[in-house]
Each structure stands twice: as structure tokens, then as C-alpha cells.
Amino acid sequence: MDTRITQFLGHVDTFTQRIANLHTDRWENPSPCEGWTAKDVLDHVIDTQRDVFGKRGLELGPRPDGAPHDVWAAHAAAVRSAVNDEETLLTTYDSFFGPTTLADTLLSFYCFDLIVHAWDIQRAVGKDLELNDTELTFLETTIPSWGDVFYQDGICQRPVGVPDNADRQTRVLALTGRRR
């Protein structure tokens, strides 16, 4: 399997672990994403992945419904099945950011979503998720590569200021308009 897909699936697994034991009564709590609950954030992750797979001809079947954990588990299983079509994953297409492949899109934009939105969901339920060094390095590399497109409406807010002595995670999250 292509290493980009292996890395993406690793992020899917990490996201799964991060939401696995969340209190079900907290899915309606507000998230750091203005106007969204924790469940809205999860729905966004699922729906945007379904959209990109569908646009490339990889159908994930009917959208799962039910409790958030169950919906994510069913979605993740459908994604795992779809990524076996390496020909489609490696075919070049014209994206919003220019020519790319689905494998590259999943590795960049959708891994970003899995990392940052796991943090959003954890915050919504009252936890502070510590991102690891690999995730922080990934975000530090990926965010600048998108330029001003990253800050268009519906993607991320403009960076927020942080104290000079802020820790690395606080500085990285600030690039996405989030406050720790």
C-alpha cells in the first residue's frame, strides 16, 4: 500500500482512539469551531471525507447514522475498504490547490482535519488533547504550504496572538485561529 495511504490510515486509527471513550452526553457541547458542537465537528470530518472520496469515484455507501462512536466506526471501516483502490488514489486530478492525487489530498488536508478536529472534539468535552511531536511537525509544515487559502471562509480563522513563551502546541494551534 502507498505510504501516504498508510499514514492517512494511521491518523484515522488515532482519531478513532481519541474519540472512543468520550462521554456520550457531551457530544452537544460547543466546540472551539464557532457555532459547532462536538458532534458537528465529527459530522464535518465524516462528510468532507465522504465528499472527497465520492468526487473521485470511491463510494463509501450510505452515510452511517446512530451514536457518534458508531457512525465514526462505520465510516472508518468504509474508508479502509475504499483505500484499497490504489489506481484511483494515485490518479492525478485538478483540485482547488492545483494538480494532485487523492493520496496526497488525504495525507495533507484530511490528516490535518483528523489532528485538529480531534483536538476540537476533546476540548468540547472538557479535555485538553496533547498532540505529539510528529503531529505538531506535520501541522507546522502543512499550514504554511496552503498560504492564504488556508484562511478563507469555512477553513480556518486567522492566527491569534500568543505570548512569546507559549508552548509549541499553543503556537501551532494559534496558526489555526484556536486558543488553547
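Leu114 sits in helix H5. Helices here are DSSP runs of H or I with at least four residues, strands are runs of E with at least two, and both are numbered from the N terminus. This is a predicted model, so please keep in mind that local features need pLDDT of at least 70, side-chain atom pairs count only at pLDDT 80 or more, and totals for chains, interfaces and linings use all residues. Residues are numbered from 1 along each chain as its sequence is written, and side-chain values use heavy atoms, with hydrogens and water left out.

Is Leu114 buried or exposed? Leu114 has a relative accessible area of 2%, so it is buried. Buried means under 20% relative accessible area, exposed means over 50%, and partly exposed is in between, with a 1.4 Å probe and protein chains only.

Which residues does Leu114 contact, leaving aside neighbours within four places in sequence? They are Phe8, His11, Val12, Phe15, Val45, Gln49 and Trp72. Contact means heavy atoms within 4.5 Å. Thr16 is 98 residues from Leu114 in sequence, and the two C-alpha atoms are 9.5 Å apart.

Rings of Phe, Tyr and Trp, the last by its six-membered ring, pair if their centres lie within 6.5 Å; planes under 30 degrees apart count as stacked, over 60 as edge-to-face, and the rest as tilted. The pair of Phe15 and Trp72 is tilted, because the planes are at 55°, with the ring centres 4.6 Å apart. Phe15 belongs to helix H1, residues 3-20, and Trp72 to helix H3, residues 68-82, so this pair links distant parts of the chain, 57 residues apart. Phe15 is buried, at 1% relative accessible area, and Trp72 is buried at 1% as well.

A further tilted pair is Phe109 with Trp146, at 5.6 Å centre to centre and 55° between the planes. Phe109 is in helix H5, residues 102-124, whereas Trp146 is in the loop between helix H6 (133-145) and helix H7 (168-174); the pair links distant parts of the chain, 37 residues apart. Both Phe109 and Trp146 are buried. Ring pairs also join Phe109, Tyr110, Phe112 and Trp146 into a cluster.

Next, two residues elsewhere. Lys39 is in helix H2, residues 38-55. Lys39 has 27% relative accessibility and counts as partly exposed. Not counting residues up to four places away in sequence, Lys39 touches Trp27 and Glu28. Between Lys39 and Ile121 there are 82 residues of sequence separation, with 7.9 Å between their C-alpha atoms.

Ala166 lies in the loop between H6 and H7. Ala166 is buried, at 11% relative accessibility. From Ala166 to Val52 the separation is 114 residues in sequence and 35 Å in space, C-alpha to C-alpha.

Now the whole chain. How many helices and strands does the protein chain have? There are seven helices and two strands, and along the sequence the pattern is α-α-α-α-β-β-α-α-α.

The protein chain has a radius of gyration of 16 Å, which agrees with the value near 16 Å for a compact globule of 180 residues. That radius is taken over C-alpha atoms, and the globule rule is 2.2 Å times the number of residues to the power 0.38. Along the principal axes, the C-alpha atoms fill a box of roughly 45 × 35 × 30 Å.

Of the 180 residues, 48% are buried. Among contacts with a separation of 6 or more, 63% are between residues 24 or more positions apart. The chain exposes about 9100 Å², and carbon and sulfur atoms supply 48% of that area. Accessible areas come from the Shrake-Rupley method with a 1.4 Å probe; for residues, only the protein chains shown count as cover.
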